[in-house]
Amino acid sequence: MKAAPFEFARAASLAEACALLARHGADAKLIAGGQSLVPMMAMRLARPAFLIDINGAADMQGIEFSAETITLGAAVRQRQIERDASLAARLPLLGKALRWVGHAQTRNRGTLGGSIVHADPSAELPLAACVLDATLLLRDTAGETEVPAREFMLAPMVVAITPDQCLAAVRFPAWTEARTGCAFDEVSLRQGDFAIVGAAAQIALDAGGKCVRAALGTSSAPIPQAHAEIAQRLVGTSLDDAVIADAAADVARAVEPDADLHASAEYRRHLAGVLAKRVLMAARDEARGRR
Amino acid sequence: MTEKKHAVAIEVNGMAFQAEVPARLTLVDFLRDEARLTGTHVGCEHGICGACSVLFDSLPVRACLMFAWQAHGHKVTTVEGLANPDGSPSPLQDSFCETHALQCGYCTPGMIVAAHALLEENRSPSEADVREAIAGNLCRCTGYQQIVDAVQLAARRLGETR
């Protein structure tokens, strides 16, 4: 399997990438890690006439911390996120999600932004971005547009981006509560395979153990789903097992999974409930300081 | 059909290789067809099997998921570059022979590269560590157990000599 012929240019900055996109438009694709694009080109599911390589765009590889946000350049590599101690402390859900993403060889090249823009429905990083209500910063030659991650994914591998826009960075809200916990879990056929269903949760408790903030999502549907209303109902409770079981049952009712070769819709619905329960309990226990 | 060619220079196993290649030539095809280093195998060609694993700037990557021009100016190490300086098998490669960690040998270069990268970071990996490190490499002969044994045997031997 060989890709169809194409030409390429190297962008040394975000501005150069945008200028090249403006020139080549719909014929062009950005390439960073290439861990999804190159297989699609090999199978000729994608035949871009022009590749814009952003691996040299240093201004897309930064990680910035502020009091309220954590902003990662779209071209930050998954390996870097896995190993960054500051991110592990301030944005631990990403590292937990990455344990399920591909393999060492793919995480060494693959990027945060690439996974989100590719938008495989079973992918872990888009789910984490939706659960945490991240904001995507899209750039073109005219300027910057902000899109909530929860509105970015429209269908499997279909996202709200125009051909001349480049995902520049992903901004996550920082959770500053003292007692927080998070968890990511999934069921897949083998380690590193695409998830049949994935789930993620993040919880914050007050000093008395009451839930003050909760986020929850599953990737059982055609696109990752943040269950914001179900999570909101957890706030004010003490998150005992019965409350979590009720929320998990609500999740199972709220998802509308597709069926495929690997799992029926009914099985996926069941898994969404089971995994929602597991991640809520694990996130709660971590927030309580019991692991 | 005449396809435009691009000058690509890559340092492979410490030696400089240069060639004029089309944009769509993958790194693994550059290594095998231009550098004539056929130790790295081409398996699935779409990033699933791990047979083409090489070290790119010291980190294991799939050489079928990079184009040769993306490696321009970078350093690549293939399975040939992991042997002892005199060309004899390294302790890791010897361990693969000893524990019968290969039958057809197709996956072996990728396995050796993945295992080498693990041992660079973790000198006494648990069985789970080894299985995690080779999870991206498919073997259809061994059932993996002997490969895990080989990596752990190599870790013990390297621990004695390091």
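Mentor: Two strands pair if DSSP finds at least two bridges between them. This is a predicted model: local features need pLDDT of at least 70, side-chain atom pairs count only at pLDDT 80 or more, and totals for chains, interfaces and linings use all residues. Residues are numbered from 1 along each chain as its sequence is written, with chains lettered from A and ligands numbered from 1 in the order in which they are written.

Trainee: In what order do the four strands of the open sheet come?

Mentor: 11-12-13-14, in chain A, with antiparallel pairing. Strand 11 (179-188) and strand 14 (225-226) of chain A are at the edges; each has a single partner strand, so one side of each lacks a neighbour in the sheet.

Trainee: How many bridges join strand 12 to strand 13 of chain A?

Mentor: Seven, between residues 195-205 and residues 211-218. In strand 13 of chain A, L216(A) is the bridge partner of A201(A).

Trainee: What else is A201(A) in contact with?

Mentor: Contact means C-beta atoms, placed from the backbone, within 7 Å. Beyond its neighbours within four places in sequence, A201(A) touches residues including C182(A), V279(A) and A283(A).

Trainee: New topic. Where do helix 11 and helix 12 of chain A meet?

Mentor: Among the residues there are I244(A) and V251(A) from helix 11 of chain A, and A276(A) and L280(A) from helix 12 of chain A.

How values were computed:
Helices (H or I, at least four residues) and strands (E, at least two) are DSSP runs, numbered from the N terminus. Two residues are in contact if their C-beta atoms, placed from the backbone, lie within 7 Å.
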